[in-house]
Amino acid sequence: MKRTIKIFLSCMAACLFLTSCQGVRKEEEKTSIRIGISLYRGDDTFINNIRSIIEDKAKEYERESGIKVTLDIQEAKGNQNTQNNQVERFISLGCDVLCINPVDRMDTSLIIDKAMTANVPVVFFNRQPVEEDMNRWDKLYYVGVDAKETAILQGEMVVDLYREQPEAVDLNGDGVVSYVMLEGETSHQDSLIRTEWSVQTLKDGRVPIEKITGGIANWERSQASALMEQWLAEYPDTIELVISNNDDMALGAIDALERAQIVGVNVIGIDGTTPGLEALESGKLLGTVSANKEIYGSAVIKLAASCALGEEPPEEYPLTDGTYFWTPQEILITKIKENL
Ligand code: BGC
């Protein structure tokens with residue numbers, strides 16, 4: 001009897017050993033990963049630019065690593081409920097990791113709940129969840145840009161130009177630069193910080209500024225264009241500088257200036273989007289601050305892939321507090337003014 005039990009136990013042990021070895025082998029040999037991506041809106045120019053880079057970088061990663069990457073990309077059309085449902089679907093489809101561009105960055109707790117329950121890590125990007133939510137789990141990451149750094153770079157463009165050639169900024173030579181401010185969504189971390197720090201940088205750089213007016217255009221070209229048209233009518237021959245929280249709204253202001261056949265007003269944006277760079281090339285946009293989108297997209301994909309494979313985050317993208325990757329950014333300014 002004793003012998004039978006012994007044999008039985010040894011068989012059990014052997015089986016367990018084999019199963020666990022298989023488990024390890026399975027983990028080691030993971031040859032494909034599935035990434036669920038949800039974008040807050042599909043018609044946002046900057047997000048669309050980032051989306052194509054993410055797609056390119058996924059292909060590049062696939063080529064380099066030999067690991068097949070399946071991307072499931074959905075657009076939430078500005079609706080948090082839709083996005084929550086997309087997350088649920090991604091999880092039920094067996095996604096190994098999620099990359100989420102939240103609709104409402106203050107309301108990511110449901111997404112995090114679902115991800116934690118299913119043990120699926122999340123890489124958030126561009127719309128930064130509140131710290132309290134990010135601190136809930138060690139498998140939550142964020143890829144974005146440092147909004148204060150962006151704003152300081154945007155302000156410095158004007159400070160430098162003013163120092164070199166004040167008349168290129170103070171167009172009427174009255175000793176004051178009169179500006180208007182175009183702001184993005186009120187709840188977006190980037191709008192608040194960009195608005196505050198671009199102006200602060202102008203003040204710190206001793207550019208004598210005066211705010212004519214400002215308004216919220218929710219990152220949108222058409223809304224910005226309507227606002228600018230209204231301001232040009234309300235404050236004729238007054239506006240010398242348009243400071244915009246992003247390129248799309250800057251382009252909206254340029255549209256309004258063109259309609260009113262006004263030339264010379266300086267317009268500065270942020271993002272370095274494809275249409276933004278075209279406007280820069282043609283001299284319509286004075287300057288922009290651009291995140292390195294190659295690095296941005298790569299960081300999202302490589303971080304996501306490492307999560308999916310259960311590996312440590314990639315060293316080439318150092319994480320602040322083990323959680324945040326801040327993409328490097330640079331100033332891009334029109335050639336004519338660059339050579340002053
Ligand atoms: C970009 C905007 C974009 C927004 C979307 C910002 O960081 O500058 O262009 O519309 O993110 O969340």
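Predicted model: local features only at pLDDT ≥ 70, side-chain atom pairs only at ≥ 80, totals over all residues.

An N or O atom in the side chain of Arg 194 is 2.8 Å from a ligand oxygen, and for the side chain of Asp 271 the corresponding distance is 2.5 Å. The protein buries 98% of the 310 Å² that the ligand exposes when taken alone (Shrake-Rupley accessible areas, 1.4 Å probe).

## The surrounding shell

The residues around the ligand, each with a heavy atom within 4 Å of it, include Tyr 40, Phe 46, Trp 219 and Asn 246. By class, this shell has five charged, three polar and three nonpolar residues.

## Salt bridges

The structure holds 16 salt bridges, each defined by a side-chain nitrogen of Lys or Arg within 4 Å of a carboxyl oxygen of Asp or Glu. Glu 55 forms one with Arg 51, their closest N and O atoms being 3.8 Å apart; both residues lie in helix α2 (residues 45–65), separated by four residues, about one turn of the helix.

## Basis of the values

Residues are numbered from 1 along each chain as its sequence is written. Local features need pLDDT of at least 70 and side-chain atom pairs count only at pLDDT 80 or more, while totals for chains, interfaces and linings use all residues, and side-chain values use heavy atoms, leaving out hydrogens and water.

Terms used: Polar contact = N/O pair within 3.5 Å; in protein donor to acceptor, adjacent residues only side chain to side chain. Nonpolar A, V, L, I, M, F, W, Y, C, P; charged D, E, K, R; others polar. Helix = DSSP H or I, 4+ residues; strand = E, 2+ residues; numbered from the N terminus.
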